[in-house]
Amino acid sequence: MSAYKSEFLNVLQARGFIHQVSEPDALDALAVKGPITGYIGFDCTAASLHVGHLLQIMMLRWMQQTGHQPIALMGGGTTRVGDPSGKDESRKILTDADIAANLAGIRTVFDKFLTFGDGKTDALMLNNNDWLAPLNYIDFLRDVGKHFSVNRMLSFDSVKLRLERQHELSFLEFNYMLLQAYDFVELHKRTGCVLQMGGSDQWGNIVNGIDLGRRMAGAQLFALTSPLLTTSSGAKMGKTAAGALWLNADLVSPYDYWQYWRNTEDGDVERFLKLFTVLPLDEIAKLAALKGQDINEAKKVLATEATALVHGRAAAETASETARQTFEQGAIASDLPTLEVSAAEFASGIGVVGLFVKAGLVASNGEARRQIKGGGLRVNDVAVTDEKMTLSKTDLTPEGVVKLSMGRKRHVLLKPV
């Protein structure tokens with residue numbers, strides 16, 4: 001499609017956020033006229049969001065930056081049900097207390113990306129439990145369920161995939177698409193919301209909401225989805241040896257977060273600068289033009305800018321400086337991630353394989369042994385050659401720590417306490 005007239009859609013398109021848009025011309029015209037309201041839903045299945053959610057958060061941010069009103073919809077109600085999209089198995093049922101605690105943790109992330117308040121383009125955070133919890137289920141089925149064709153519901157990828165693989169799909173989860181569609185209609189009634197955004201796997205669910213809005217309220221609603229992201233080598237975004245790359249600092253340190261982006265594959269640097277930083281496009285073009293070893297400078301900029309958005313500029317600069325000291329000067333920077341072990345346990349000798357797993361540098365004992373065979377694990381910058389090696393007081397550096405390293409870029413300090 002040629003360039004959009006609205007700044008909102010132009011920015012999203014230029015930075016690589018758009019996969020599909022329903023009725024793009026009509027949505028574009030509406031966005032030119034004045035502020036529109038759009039939302040993305042986030043279920044509260046963990047105490048933090050992770051890098052996999054970052055693309056959606058950035059879309060809400062750009063929506064606000066270009067003069068529109070974003071809504072972060074917390075799925076306090078739908079979290080009780082479970083979205084079958086892209087899942088092989090049913091989601092673990094959480095208690096109300098679990099959901100409330102997770103919601104509180106997630107809230108803190110959005111404050112860094114969006115401005116909340118009562119103004120026309122100030123962001124809103126709503127919870128679908130407010131309208132889903134009081135629903136009378138019989139009335140809901142009568143008023144909403146009658147607009148859904150089971151034949152059509154069975155044709156959606158989220159359902160088809162589970163059935164093809166002969167994985168169980170509960171009736172509870174089958175209802176998820178009704179609830180998500182109802183959210184869109186309810187948000188339209190409450191806030192005038194006309195746009196739902198999400199990953200490309202949500203297209204069918206969002207279109208359901210558009211259809212329900214037309215049938216129940218005679219409303220014209222819109223869908224916009226982003227591409228599902230993988231790295232150049234086909235790996236899933238945001239996965240590390242230690243697990244998901246969470247956005248809350250108490251789960252993943254700013255230094256580890258910085259390192260994740262610093263380790264970006266060469267082929268992803270330009271795309272990730274556009275999606276995960278707010279740098280101007282002309283600046284990104286200059287960084288993307290760097291070749292050979294110089295591409296590492298672009299990766300450092302990506303790491304610092306992406307970290308600044310989540311953890312603040314000061315934490316990002318500190319992480320960058322820690323990395324510089326560690327790699328360029330071979331120093332042991334005091335703010336590297338630290339793993340504390342009991343002094344008594346340390347004094348009696350502690351196995352190196354288990355320590356690397358505990359430090360999150362490898363995912364399992366088996367992986368630790370494979371890395372040792374390949375020369376990938378180091379203690380105090382010396383390669384580990386014996387998987388039965390133990391560490392004790394004699395391995396402490398003058399700073400009173402042991403530096404564990406996997407490869408050249410990932411380090412954890414071991415500290416007896």
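This is a predicted model: local features need pLDDT of at least 70, side-chain atom pairs count only at pLDDT 80 or more; totals for chains, interfaces and linings use all residues.
Which strands sit at the edges?

Pick E2, residues 37-43, together with E5. The two pair in the parallel sense over two bridges. Click Gly38, whose bridge partner in E5 is Leu195.

Move to E3, residues 69-75, and its neighbour E4. They pair in the parallel sense as well, over four bridges. Ile71 has Leu124 of E4 as its bridge partner.

Stay on E4, residues 124-127. Its covered face holds Met125 and Asn127. Its uncovered face holds Leu124 and Leu126.

**Helix H1**

Next, select residues 7-14, which form helix H1. Its buried residues are Phe8, Leu9, Val11 and Leu12. Look down the axis of H1: these buried residues fall within an arc of 160 degrees, so they line one face of the helix. What covers them? The cover includes helix H2 (24-33), H3, strand E5 (195-199) and E6.

Show H1 and H3 together. They pack at an angle of about 145 degrees, with their axes 9 Å apart. Their crossing is right-handed. On the H1 side, the contact is made by Phe8, Val11 and Leu12. On the H3 side, Met59, Trp62 and Met63 make it.

Step just past the end of H1 to Gly16. This glycine takes a positive phi of about 90 degrees.

**The nonpolar cores**

The largest nonpolar core has 70 residues. Phe110, Met197 and Trp261 have the most contacts inside it. Helix H3 (residues 51-65) supplies the largest share of this core, nine residues.

Center on Trp261. Leaving aside residues up to four places away in sequence, Trp261 touches Val51, Leu54, Met237, Phe272, Phe276, Lys299, Leu302, Ala303 and Ala306. Another core lies apart from the largest one and has 28 residues. Among them are Trp131, Phe140, Leu169 and Val185.

**A loop stop at Ala219**

Go to the loop between helix H11 (203-217) and strand E6 (222-226), where Ala219 has its place. Is Ala219 buried or exposed? Its relative accessibility is 11%, and buried means under 20%, so Ala219 counts as buried. Its contacts, not counting residues up to four places away in sequence, are His188, Gly213 and Arg214. Ala219 and Gly192 are 27 residues apart in sequence, and their C-alpha atoms are 9.8 Å apart in space.

**The five-stranded sheet**

Finish at another sheet. This open sheet of five strands has the order E9-E15-E14-E11-E12, with mixed pairing. Its edge strands are E9 (338-341) and E12 (382-383), and each pairs on one side only. Select E9 with E15, residues 410-416. These strands run parallel and are joined by four bridges.

Note on methods:
Residues are numbered from 1 along each chain as its sequence is written. Side-chain values use heavy atoms; hydrogens and water are left out. A nonpolar core is a set of buried Ala, Val, Leu, Ile, Met, Phe, Trp, Tyr and Cys residues joined through side-chain atoms within 4.5 Å. Buried means under 20% relative accessible area, exposed over 50%, partly exposed in between (1.4 Å probe, protein chains only). Contact means heavy atoms within 4.5 Å. Two strands pair if DSSP finds at least two bridges between them. The arc is that of the directions from the helix axis to the C-beta atoms. Axes are lines fitted to C-alpha atoms, for helices over the stretch in contact, and angles run from 0 to 180 degrees between N-to-C directions. A crossing is left-handed if the near helix is turned anticlockwise from the far one by less than a right angle, and right-handed if clockwise.
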